[in-house]
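Hi everyone, thanks for making time this morning. I'd like to walk you through a structure, so please have a look at it while I talk.

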Amino acid sequence: MGKKKKSSISPMVKALLSNLFKKPATCQYPFVKAEVPEGFRGKQVYDINLCISCGLCSRDCPASAIEMVEINGKRRPLFHLDQCIFCYQCAESCPRNAIQSTKIFELATTDKSSLVIKPEEKAQKENGEQQ
Amino acid sequence: MSKLAMWARLKSPWVLHFNSGACNGCDIEVVALLTPRFDVERFGIKLEPSPRHADVLLVTGSVTQQCAERLKRIYDQMPEPKFVVAIGACACSGGVFKGNYNVLNGVDKVIPVNAYIPGCPPKPEAIIDGVVKLLNSLKPEKPAKKEKKK
Amino acid sequence: MLFDLYFVFRVLVFPGFTFLFFFTMFCDWVERKIEARMQNRMGPTFTGPGGILQPFADVVKLLTKEDIVPGGAKKTIFRIAPIISFSIIVFAISFLPIDGAAIIPNSSFAGDLIFIMALITIANFFLFLSGWASANPYSDIGASRLLTQFLGYDIPLVILALAPAFLAGSLTIASIAASQYLPFIILAPWAFVLFIVTLQAELEKDPFDIPHAESEVVGGLETEFCGGKLAFLRLTRDMQIVFGAALVVELFLGGPYGPVFFGFPAFWYFLWFVLKLLAVVVVTEYLTCLFARLRIDQVLTANWKVLLPLSVLSLTLTVAVATWVYPLVM
Amino acid sequence: MSQKETDILSVLQAKFKDTSVQVQPQQLGKVAVIADATTYRDVLKALLEADEKTAVIAITGIDLGATLGVFYHIRTSTAGIITIKVEVPQEEPRLKTISDLMPGAAFDEMEVTDLVGVVFEGHPSPGRLVLPDNWPDGVFPLRKDAKLDNLQFKPTPPSEPASPGNEDIVKIIIGPQHPALLEPEKFALKVEGEIVKDVQPRIGYVHRGIEKAAESRTYLQDVYLVERICGICNACHATCFVEAVEKILETEVPPRAKYIRTILLELNRLHSHLLTLGHAGLEIGFETLFQYFWRDREPIMDITEIISGNRVISSGMTVGGVRRDINEADIPKIKGMLTSLRKRLPFYKKVYEDEPSIKMRMKNVGTLKREDALKLCIVGPTARGSAVDIDVRKDEPYEAYGEIPFKLITYNEGDTWARMNVRMDEVEESINIIEYALDNLPTGPFRVRVPRVVPAGETVNRVEAPRGELFYYLKSNGTAYPERVKVRTPTFANIPAFLATAIGSNIADVPPNFVSLDPCFSCTDR
């Protein structure tokens with residue numbers, strides 16, 4: 001592989017050296033919060049007061065991740081987050097805009113049951129961290 | 001389990017990635033973890049070629065009929081203290097393909113799963129968060145320990 | 001009764017095994033950090049200050065993992081081959097003068113340069129055995145590729161090592177290192193360049209890292225290994241890198257000898273040796289990141305058609321220059 | 001109808017005036033030819049002579065109740081898509097293979113046999129293609145009466161012995177789990193010394209039965225299902241499906257929606273090409289190039305996230321337009337990122353020009369001559385690398401491609417190096433397209449109300465995905481659920497190119513040759 005005369009030196013030679021002294025292009029994720037643009041399709045927030053339990057959201061959900069359950073007399077949507085593909089078709093077809101998007105994307109969990117979001121649990125309007 | 005061994009196990013989780021029938025949306029996010037912007041080598045995570053070397057198995061995709069047996073074989077080949085992370089809605093529960101004739105609806109139907117990362121596809125940061133949560137769950141329970149990455 | 005405590009301390013602790021063990025891990029950390037920085041990312045940072053304990057964490061984790069011996073493997077060879085190749089390389093390094101004298105005190109004998117080269121070949125042979133012993137088709141291919149590669153590249157390596165031996169007029173490393181009032185890299189730069197290229201091939205670094213190429217042979221000869229044996233295989237590979245760099249330092253960069261400022265010379269020699277060695281490691285790492293991997297037949301043609309003639313040419317050139325030109329100039 | 005189209009039609013009408021073949025122009029998008037089991041091969045021969053660039057795009061198997069329909073979709077360079085409809089009785093579904101006329105059609109026929117059950121006599125390599133090995137015989141998923149719950153799967157056959165008879169032929173299996181492959185698929189290579197003698201592909205590991213699933217979901221839900229066929233080219237799948245539905249509904253999409261769709265499509269192409277160029281670096285062991293390419297790809301993912309809310313699956317399309325509008329505030333930010341990427345491209349171009357080790361690993365590796373590319377019906381950058389100038393954006397402009405000026409890139413070396421350069425130049429073109437579209441983004445609505453029920457009809461549609469021409473056949477029956485959705489993805493057509501070029505090559509050349517194809521197996525298996 002010796003040093004045969006190259007037509008011109010490959011730019012990689014210079015790039016490697018210059019990168020050695022440049023700041024690495026790494027964002028320190030766990031210690032620096034990742035900035036998420038507006039309109040990011042993260043975890044959905046469902047407002048029980050606006051909901052008229054018409055069931056349109058569970059009918060239109062491509063992944064059938066919304067199940068209508070009986071909650072004190074009314075049918076409310078129950079979200080299976082492990083099934084959900086976060087396409088927000090439910091938010092679009094909801095006549096009362098009861099489903100809003102948030103910027104929460106850290107939904108990883110070690111037990112599966114915490115991925116099923118029951119309606120009354122989200123009755124309060126706060127937009128903070130899950131559990 | 002001596003403190004040193006636990007420290008070593010938490011600090012160098014070698015990873016193996018298996019796509020058991022996914023639309024490769026999650027796979028390119030898993031590979032994106034190695035690239036400069038997310039760079040999981042900061043945590044000592046290395047992508048290993050063979051199941052023998054790996055501690056954590058990252059599985060993407062709703063397991064198809066043909067992949068089920070391969071997934072089981074790879075899981076058996078991995079040496080003990082092994083963990084499985086199901087990445088993406090498909091791996092957690094079959095996602096949008098749930099109910100199709102050739103799909104087994106999720107990785108936990110085939111092998112025990114330790115961590116679930118929903119999302120279609122989950123952001124690379126969400127995958128890092130999942131792995132970090134998995135590693136934290138291995139730590140021996142210290143009651144007073146403040147969760148530093150709240 | 002005093003069973004020569006100094007001997008035991010020298011061999012086992014300071015410049016001996018324990019130091020080499022941690023120094024190899026330090027070199028591995030330097031390599032990973034340099035490679036990461038060149039690729040514009042951060043490399044290991046959260047295990048110990050700046051990630052310096054990352055290789056140590058890897059080794060400890062591997063030692064605590066379950067040890068599986070695959071059914072079809074040849075059990076005994078599978079278990080002992082990695083450890084033997086690791087120990088042979090440590091034995092080979094102990095001949096190199098690190099702080100003015102070899103690790104094993106007064107162990108350098110006439111012709112130990114050739115002896116060390118032979119030891120390296122044996123160590124590589126045991127690596128081949130470990131690959132061949134595990135009954136995995138990929139490790140068979142990886143092992144046979146390792147055999148073809150290092151058998152091929154040993155010859156130019158030895159020929160190129162003869163150039164500084166000729167300049168120093170002796171085959172013992174200690175005297176080669178000592179007689180370099182002017183480092184041989186200046187006297188025979190062509191030999192240095194070729195030696196670095198051959199070293200890239202000998203250490204399976206990137207332009208020539210066929211034996212454990214991920215895209216073709218899954219894990220190469222390491223595929224079937226896990227736990228402690230894998231730790232030893234990885235350590236063998238890192239130890240080879242340290243040995244290669246140490247050889248370059250001894251033969252071309254004037255060994256441990258450098259300007260001594262004050263006080264205890266052995267300390268300064270040791271410092272010079274470490275600095276030069278790290279410089280060579282950085283250079284080899286830079287070459288690794290610079291090139292893509294070559295095909296196995298391109299590697300072999302590069303060896304037999306290009307490197308072998310060039311190394312013979314460089315030897316004759318060194319001889320010619322040493323006998324006619326240097327006496328006039330010096 | 002343009003002048004060139006008429007002469008192909010007149011040739012067909014003249015040739016089959018008296019026989020039972022009826023030529024129906026203006027049907028199924030362009031031309032439909034009703035033929036039967038005896039005459040469809042002659043129609044195909046006639047088309048082959050009429051035009052050199054004729055190619056079989058896809059073969060759709062469909063259960064028409066009483067009979068089984070086999071539709072041959074033929075692409076001609078002038079008359080668009082001609083569909084030859086052949087019907088076969090349910091009880092005795094037999095047809096003669098056409099892989100002797102068109103070798104590229106062998107894979108399509110295997111798939112129709114798998115899913116609908118029509119047997120093609122004289123097929124070179126019959127066997128399972130998409131369905132798993134342990135699939136019970138006699139069950140054909142795409143038949144209307146198929147009972148698909150509680151299937152009794154046969155025990156999986158034991159994997160073949162390591163190496164057959166004579167010792168020097170070694171069988172190397174690039175298995176389903178392999179660090180070089182992002183997706184599971186199996187290639188059994190028969191190797192003698194270092195030369196590959198034979199390649200046996202086994203795909204179907206990622207077959208999720210999407211065409212069957214599409215029949216049990218409404219059109220609205222199908223857009224999201226179809227989008228997840230392939231995570232890398234998801235906007236193309238969504239656009240192709242949505243355009244097909246709009247063709248049946250004859251709705252006119254507002255111009256702003258057309259421009260936003262074009263932007264999302266080109267963003268898809270950008271991130272797919274940069275991904276492949278990086279992956280190629282990984283395959284030839286050039287990690288640094290992989291890291292650089294993927295680092296420069298991150299701004300594209302951020303732009304997709306700003307516009308559509310998700311980095312990879314943009315879910316921007318819906319029947320009748322686009323789901324979200326691009327707000328003006330983001331446009332300068334997007335343009336900034338694009339120009340920063342454009343400044344990086346000359347560096348990569350120069351690396352491909354001057355880096356000796358790349359040229360040693362990629363020059364004249366997997367060379368595909370122009371005639372072979374045409375005969376094997378190869379599409380996309382793989383074909384454009386061998387001087388075949390087919391690109392749906394130019395041949396049949398859809399969305400806003402008619403109004404946006406851009407160059408069609410072709411190289412004529414036909415090897416891995418040329419294909420990678422085609423992709424690199426197309427990255428530059430895509431940036432131009434996006435910037436042009438952002439500059440003159442028309443105002444007005446971005447969406448039109450569309451009825452949920454689609455009247456009965458059938459249509460075909462083509463879109464240029466990053467890997468080549470993506471083809472959809474859609475049949476609707478007047479309800480809210482589609483009757484049949486047939487998807488033919490570019491990688492499905494390009495696999496024969498890998499088989500043709502791999503046989504006889506060096507085994508170490510297989511990874512670069514394989515990655516130059518930019519295979520996407522989640523597309524292929526559906």
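This is a predicted model: local features need pLDDT of at least 70, side-chain atom pairs count only at pLDDT 80 or more; totals for chains, interfaces and linings use all residues.

In what order do the elements of chain C run from the N terminus on? They run α-α-α-α-α-α-α-α-α-α-α-α.

For 330 residues, a compact globule would have a radius of gyration near 20 Å, and chain C has 20 Å, so the two agree. Of those 330 residues in chain C, 57% are buried. The contacts tell us something about how the chain comes back on itself. If you take the contacts in chain C between residues at least 6 apart in sequence, 79% of them join residues at least 24 apart.

Now to a pair of helices in chain C. How do helix H5 (residues 112-133) and helix H6 (residues 137-168) of chain C cross? Their axes come within 9 Å and cross at roughly 175°. Angles over 145 degrees count as roughly antiparallel, so H5(C) is roughly antiparallel to H6(C). If you'd like to find the contact on screen, H5(C) contributes residues including C:Leu113, C:Met117, C:Leu127, C:Phe128 and C:Trp132. From H6(C), look for C:Leu146, C:Leu147, C:Phe150 and C:Val158, among others. Sorted by class, this contact has 13 nonpolar, five polar and two charged residues.

Next, please find helix H3 of chain C. Is H3(C) largely enclosed or largely open? Eight of its 10 residues are buried, so H3(C) is largely enclosed by the rest of the structure. The buried ones are C:Gln54, C:Pro55, C:Phe56, C:Ala57, C:Asp58, C:Val59, C:Lys61 and C:Leu62. You'll notice that C:Asp58 and C:Lys61 are on that list. What do these buried residues pack against? Within chain C, they pack against helix H2 (17-38) and helix H10 (228-252), and from chain B they meet helix H1 (3-11).

That brings us to where chains C and B touch. Here 28 residues of chain C are in contact with 19 residues of chain B. Helix H3 (residues 54-63) of chain C gives the most to chain C's side, with five residues. By class, that side has 11 nonpolar, 10 polar and seven charged residues.

Chain B also touches chain D. In that case, 33 residues of chain B are in contact with 35 residues of chain D. On the chain B side, strand S1 (14-19), helix H2 (25-32) and helix H3 (65-77) each supply at least two residues. The chain B side divides into 16 nonpolar, 11 polar and six charged residues.

Over to chain D itself. Its domain assignment gives domain 1 (3-121) and domain 2 (210-525). The C-alpha centres of domain 1 and domain 2 of chain D lie 27 Å apart. Each domain of chain D puts 18 residues into the contact between them. On the domain 1 side, the elements that give two or more residues are strand S3 (55-64) and strand S5 (80-89) of chain D. S3(D) gives the most, with six residues. The domain 1 side has 10 nonpolar, six polar and two charged residues.

Finally, a few backbone details for those of you who like to zoom in. Which residues are joined by a cis peptide bond in chain B? They are B:Cys120 and B:Pro121, with omega about -15°. B:Pro121 is found in the loop between strand S5 (115-117) and helix H5 (124-138) of chain B.

Then there are two residues with positive phi. A:Asn97 is not a glycine, and its phi is near 45°. A:Asn97 lies in the loop between helix H3 (89-93) and strand S4 (99-101) of chain A. B:Asp39 is not a glycine either, and its phi is about 40°. B:Asp39 sits in the loop between H2 and strand S2 (46-47) of chain B. Which is buried and which is exposed? A:Asn97 has 10 other C-beta atoms within 10 Å, so A:Asn97 is exposed. B:Asp39 has 28 C-beta neighbours inside 10 Å, so B:Asp39 counts as buried.

Notes: Residues are numbered from 1 along each chain as its sequence is written. Chains are lettered from A and ligands numbered from 1 in the order in which they are written. Two residues are in contact if their C-beta atoms, placed from the backbone, lie within 7 Å. Helices (H or I, at least four residues) and strands (E, at least two) are DSSP runs, numbered from the N terminus. Ala, Val, Leu, Ile, Met, Phe, Trp, Tyr, Cys and Pro count as nonpolar, Asp, Glu, Lys and Arg as charged, and the others, Gly among them, as polar. Axes are lines fitted to C-alpha atoms, for helices over the stretch in contact, and angles run from 0 to 180 degrees between N-to-C directions. Angles under 35 degrees count as roughly parallel, over 145 as roughly antiparallel, 65 to 115 as roughly perpendicular and the rest as oblique. The radius of gyration is taken over C-alpha atoms; the globule rule is 2.2 Å times the number of residues to the power 0.38. A residue is buried if 20 or more other C-beta atoms lie within 10 Å of its own, exposed if 12 or fewer, and partly exposed in between; C-beta atoms are placed from the backbone. Domain bounds come from an automatic or database domain assignment.
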